[in-house]
Amino acid sequence: MKIAVIGAGSSGLVTLKYLLDNYPVKDIVCFEKSYSVRGCWGDQRPEFVSTTTKYTTQFSCFRKWLPDVMPEQNFEEFFRGAEFGDYLEEFAEHFKLEECIRFGVELRHLEWSGDKWELLLAKNGNEEYLEFDAVFLCTGLVNQKIPSGSTAIPIAEEPETIRDSTVVVMGGGESAVDIANHLAKPEYNNTTYLSLRSGIRVSPRYHPIRGVPSDFLRNRLLLSFSKGARNWVGERFVTFRIRFNRLLARWFTHQHKSADADEQAQALRREWDLKLKARANDGLFNVFHNKSDDFLEAVGGKRLHIIGTPVDEQGSEYYDFDRSKTLRIAPDVLVWSAGYRSNLAELSSDNIHLKDFYLGCVHASMPNLFLVGFARPIIGNIPSISEMQARFAVGVLAGKYALPKDLNKKQATAWKLLCAKYPAINTENVYPVEQYPYCDILAQKMNILPTLGKVKSLRTWLKLMLAPASTTHYIDEYFDQQAIEYQNIHTPFVIVALLAMMRLFEYPFRIIVSMRHKGR
């Protein structure tokens, strides 16, 4: 069998690894349009900090970190600068993946022709057609850098280099607020605006509870609640956290020393945090969490100004965030960072779409076509989701996991439910998932879900429920029960007890709500 992998970033590399576990090297080739395996996030500016921790982002098959908290809040628990690219290079070297990769080759088109996949590939302008029995598309989503309409304001190609300018950053995702915060640094002498069409749910990298990364407070006990219950409690707790941040820090003390804070700046930060949260309700609050929270410091310091959408396509006038008046800004340059999109339709003459992939990774009707890395987590990270997708997709190809009967019909129904679940998201561009519930579905299909019966130890199972959630907890060939025993539990006992009590009463509450709905 001849197998093609498109893309050698994090998704492509982990797919290659699992393919090599099942097929000989001679059957597999990976095409990467760049000349490295560092991926799109592998070479960031030195001050860059990832929004998820190393522990939760690492591959289960290549573990390097535990959920330990460093003595200082210097972001050592996160990937900084080019560290993620270094991790990917080390991963590729460890599993000897580069011998399967052809660098500098771009996929321009693919189609199913009879009994093979025909790929149009290009290197140095020279095109060639090659045929394969199976294709794994691991290029991920494409950053939307150019607006659809016309504008009189130039669009920055390399926004990190902007200096001495009035600049408007368009978009409210993590990439947008990160670059806005960067451009708002005093030494760059920019007047920087962040243009938003809605609010943002901002989650802190470091939580006031014990000062640990927020990732380390997200455990399986918390995630076991129904989505409705989690969102209802979460929305109210976020308001409490913003208003009473210092109180939480006093209640749940930690070893980090607090820097002397400018009271006015902190008050302005809280004001905007609450305003952004309030505007993110109406279906958006529980969609995407933004953990690039540093930009709020720039807002509090009046170095970054939040505004609304442009009045027209020319990009010179904008509404204020409350849409109560218009502002004449006349920026020198725009930075367009309004999300990501799929390029599947462009590569396939409009024959391949996200909606046709079962569980976001196995095509429901076209043979041996798989997606890895196209899921967008509500909160979480793409690399560890990609690993679960790769394991499942490779297992399907190898005949380890059976697909449901009437797959086309089931996938059409599942897609309608997904669109109804996330009405605020353009699901033609993005496949939205909740990381751990989604990964648990894949784990259940692969029979590696960490149930009490699988773990065979009540002590270990309780540790898995209370330790920081991670895809390293699945009961696969890499599962390390001894390492689990030594993992720290960062959630305070009083919160664990409260969650356990709420969990106990959740089922009766859901029954009562269901009966009321039936009564109506």
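**View A. Lys2 and the face of Phe132.** In this predicted model, Lys2 lies over the face of Phe132, at 5.1 Å from the ring centre. A charge sits over a ring if NZ of Lys or CZ of Arg is within 6 Å of the ring centre and within 35 degrees of the ring normal. Residues are numbered from 1 along each chain as its sequence is written, and side-chain values use heavy atoms, with hydrogens and water left out. Because the model is predicted, local features need pLDDT of at least 70 and side-chain atom pairs count only at pLDDT 80 or more, while totals for chains, interfaces and linings use all residues.

**View B. Arg163 and the ring of Tyr188.** Here the charged end of Arg163 is placed over the ring of Tyr188, 3.6 Å from its centre.

**View C. The aromatic pair Phe62 and Phe95.** The whole structure holds 25 aromatic pairs. Rings of Phe, Tyr and Trp (its six-membered ring) pair if their centres lie within 6.5 Å; planes under 30 degrees apart count as stacked, over 60 as edge-to-face and the rest as tilted. The ring centres of Phe62 and Phe95 are 6.1 Å apart and the planes stand at 65°, so this pair is edge-to-face. Phe62 belongs to the loop between helix H2 (54-57) and strand E4 (78-80), and Phe95 to the loop between helix H3 (83-94) and strand E5 (101-103), 33 residues apart. Helices (H or I, at least four residues) and strands (E, at least two) are DSSP runs, numbered from the N terminus. Phe62 counts as buried at 9% relative accessibility, whereas Phe95, at 22%, counts as partly exposed. Buried means under 20% relative accessible area, exposed over 50%, and partly exposed in between (1.4 Å probe, protein chains only). Both residues belong to one aromatic cluster, together with Phe59, Trp65, Phe79, Phe84, Tyr87 and Phe91.

**View D. The aromatic pair Phe75 and Tyr206.** With ring centres 5.6 Å apart and planes at 40°, Phe75 and Tyr206 form a tilted pair. Phe75 lies in the loop between H2 and E4 and Tyr206 in the loop between strand E13 (201-202) and helix H5 (220-223), so the pair ties together parts 131 residues apart in sequence. Phe75 is partly exposed at 23% relative accessibility; Tyr206 is buried, at 13%.

**View E. Strands E11 and E12.** Strand E11 (residues 166-170) and strand E12 (residues 191-195) pair in the parallel sense over five bridges. Two strands pair if DSSP finds at least two bridges between them. Met170 stands opposite Ser195 in E12.
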